[in-house]
Amino acid sequence: MSYRNAALCVAIFCIALPTMAEQLPPIPTASYDTVDDLSYSQQSARRLWKPMARTSPVSVVDIGGRKALRMPCNFRGTKFDRASWDRNLKLDLSMRKGLQFLFHCRDASPIANFTIYLHSGDGWYRAYFDAPAKAKWTSVKIHKKDMAIEGQPAGWSNIDTVRISAWRGQDVDTEFYIAEVGLFGEAGKVVIVRGDSAARNAPGEVNSVKEYTEVMAHFLDRGGLSSTILSDLDVTAGRLKDIRLIILPHNPNMPDSVADEIASFIKAGGKLIACYQLPNRLQPVVGIRTGRHVRQEYQGHFASIRPSDKPLKGAPPVTQQASWNIQQASAINGRARIAAWWHNNKDQTTGKPAIVVSENCVYLTHVLLGDDQTKKLQLLLAMIGNIAPELWREAAEGSLLAVGQLGPYNDYESARGRIRELTSDDTRALRSLESADRLRKQALTLLSEDKFSEAIVTAEKAKGAMLDAYCLAQRPLAGEHRAFWCHSAFGVSGMSWDQAIRLLAENGFTAILPNMLWGGVAYYRSDVLPASPAVEERGDQIALCVAACKKYGIQCHVWKVNFNMGRATDSEFVARMKAEGRTQVQYDGSTNDRWLCPSDPKNQELEIESMLETGRNYDVDGLHFDYIRYPGNEACFCDGCRLRFEKTIGGKIDSWPRDVRNLERLRDKWLDFRRQQITAVVAAVAQRAKQIRSDLKISAAVFRNWPVDRNSVGQDWKLWCDRRYLDFVCPMDYTSSSSQFHRMVENQLAWTGKVPCYPGIGLTVWSDSTDVCKLIEQISITRQLATGGFTIFNYGPTEATRVLPLLGKGMTRSD
């Protein structure tokens, strides 16, 4: 054999064998059902895991005789947005909680985020996941409740492809490994039916379906009740055979075939909780009739749920819920009773039923919202216990376990011991710990006496006392920037600006960013934008906010939504902008009438002058950009954009808009053109604002992944920092994953340079907007990374009354 042939054989032999990877930590033994243990050859791996365009192929590695998959992310010197691989794999997740795998990544900093997609029918289920610990293998669980819908999937029972994507965060190469792909979570006695059919029957409701399913699942998890999310596309008699309770959290336009299956389930002895929609085919089965749709007559019309004279056992006396509309409901032939009524924000009954109960169904006349978490959990458990009493014990035991599950702690003893160490010299915290201990013992006694509803209420009080002790144990950091975005121009609902700002000051905050103007409306007396009619009725909101801020020593940075005119903009103004050719056109030729084109000089001038007007006419501390970008890469392709781009490049575009995407010589110039339009507005405001007042600070809320977002939405915010257009920047790092938050902020600090970075924390968009423990964890990360401050979204009623006072006990306490 020649030397060349021998070498070729060796090379082929090496390719065929799994790569050795002794430098990686050992793979833990999986304790769950695996569906792909990756025990195949190198050649098979590359055939099974198909890379998307420009993605490098996978390889199998051998770690102590066990197999893992190496997934390379070659971002250095490339321009694609993500590394991505597809694996054809038939799965039935219909009665499981989700998908699970082991994961390892030494350096995830080049990756903005990871996404997993599950293909089904004509669509996908999609969820983000994070890179956990760097030094070891970690189990990643993809819960069905967290997965959004793209297209029109055919249910969890029809998964045929798994796609894993790693999105570019930096132009640096890295790699990650997965092993032991499997399923987790067997079906319990409770099923939450998610209305996935809405993707076809009511596409405008898809996001709401996901949101309220997730809220319901969160409450059941918190209450210790095991549940499974079942797509309505997967509902069959066989899958419901061993189920005790079905919950419909928000199921618009349920197919008749699904309603018939649920009706048969109820007739066979099953129980139902339905929220908002109660399908017509189920109404005679449960003895409850729905009537007309009732909108709130004013804000605060439907503010709380209160028991009737025939209440649910264990229901709290008052449960706050800020609903905006409800469904009228009544009993059929006396087969049901009204168990609770809606009350307004003045504690007056509205005469509208909130909860109607029959022998086999509890019907809530609106969706279950995530506000008033403690009382809401008690109410839900009461709803469950009254029609499925056999679930009371499980719920009570779960509530007791949850007493010590807060912050970094997984059980009561570790939480109690660690908090005691942190609070050895704080008498208030020690008293709260003693109260938690006493209440927990009372709850255990009540459980032993089979007094389940009382045990649940007492356990919740014990958890409240533990939370109080934990918050008291935190320590403030002097001199940091502590801010809230406030999305409503009128401040916190139910409070005056004076009350809302005083509350911020009392709890150690230093700044507020109130949303006072959009692309087509102002909430003050403006000479540039149309003023909202509410200004005449409720006053100049900037003037009211600034007066309160000056009184209590809080900075006011006026927040403008740029280019986006929003729903509150007068329709005549929108029509005029469209008639003048100033609104956006999508790549496919459709129009986006509520967005102004950023390249139009008149629109740029409107943005600049409206922002400068607020700095000129009011004693504000700063001007804050938001939506200072394009809505995405699908816009804008209006005639004006074409003319202005052609002028910029000094030539004609033959095929518009196709050529600016498909021709290499034009693509980069087009992306640069988009960035220049946005940057021009930022630069003009920054430069001219300093002429108005040298201490006027300019800031911006920006997307979190600059290397990608500068192309996708034209937001080149690193350049704005480099050129010192901004005095501080607030990347919107809205993730409930603290390890991902940490990685985001680390990357962003490198991009901001000498400009202060006050990361945006997305409290309000989390599944639990009262999760002060998670908030404390993310604030602690900003301190570890020495950002000098943070910005929280959003300052609303729940945040003001249920979160802010807990932060003020320790984390942001004014000493």
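## Cavities

A cavity is a set of points on a 1 Å grid over the protein atoms alone where a 1.4 Å probe fits but cannot get out. Grid points are joined across faces, edges and corners, and a volume is the space filled by probe spheres set on the points. This is a predicted model, in which local features need pLDDT of at least 70, side-chain atom pairs count only at pLDDT 80 or more, and totals for chains, interfaces and linings use all residues. Residues are numbered from 1 along each chain as its sequence is written, and side-chain values use heavy atoms, with hydrogens and water left out.

Searching the whole structure gives 3 cavities of 30 Å³ or more. The largest cavity has a volume of about 90 Å³. Its lining residues (an atom within 4 Å of a point) include I111, A112, R704, N705 and W751. Strand 8 (111-120) and helix 23 (738-752) are the elements that give two or more residues to this lining. Helix 23 supplies the largest share, 6 residues. Helices (H or I, at least four residues) and strands (E, at least two) are DSSP runs, numbered from the N terminus.

The lining of the largest cavity splits into 4 nonpolar, 5 polar and 2 charged residues. Here Ala, Val, Leu, Ile, Met, Phe, Trp, Tyr, Cys and Pro count as nonpolar, Asp, Glu, Lys and Arg as charged, and the others, Gly among them, as polar.

## Second largest pocket

A pocket is an open set with protein on both sides within 12 Å along at least five of seven lines. The second largest pocket holds about 190 Å³ of space. Its lining has 13 residues; N253, M254, L278, P279 and N280 lie nearest the centre. The lining comprises 5 nonpolar, 6 polar and 2 charged residues.

Two strands pair if DSSP finds at least two bridges between them. An open sheet of 6 strands runs in the order 3-6-12-8-9-11, with antiparallel pairing. Strand 3 (49-51) and strand 11 (148-152) are at the edges with a single partner strand each, so one side of each lacks a neighbour in the sheet. Strand 9 (residues 122-129) is joined to strand 11 by 5 bridges. One of the bridge pairs is R126 with A148 in strand 11.

## Strand 15

Strand 15 (residues 227-231) is largely enclosed by the rest of the structure, because 5 of its 5 residues are buried (under 20% relative accessible area, 1.4 Å probe, protein chains only). S227, I229 and S231 point one way, T228 and L230 the other. In a regular strand, side chains alternate between the two faces of the sheet.

Strand 14 (residues 190-194) runs parallel to strand 15, joined by 5 bridges. V193 stands opposite L230.

Terms used:
Buried < 20%, exposed > 50% of the residue type's maximum accessible area, 1.4 Å probe, protein only.
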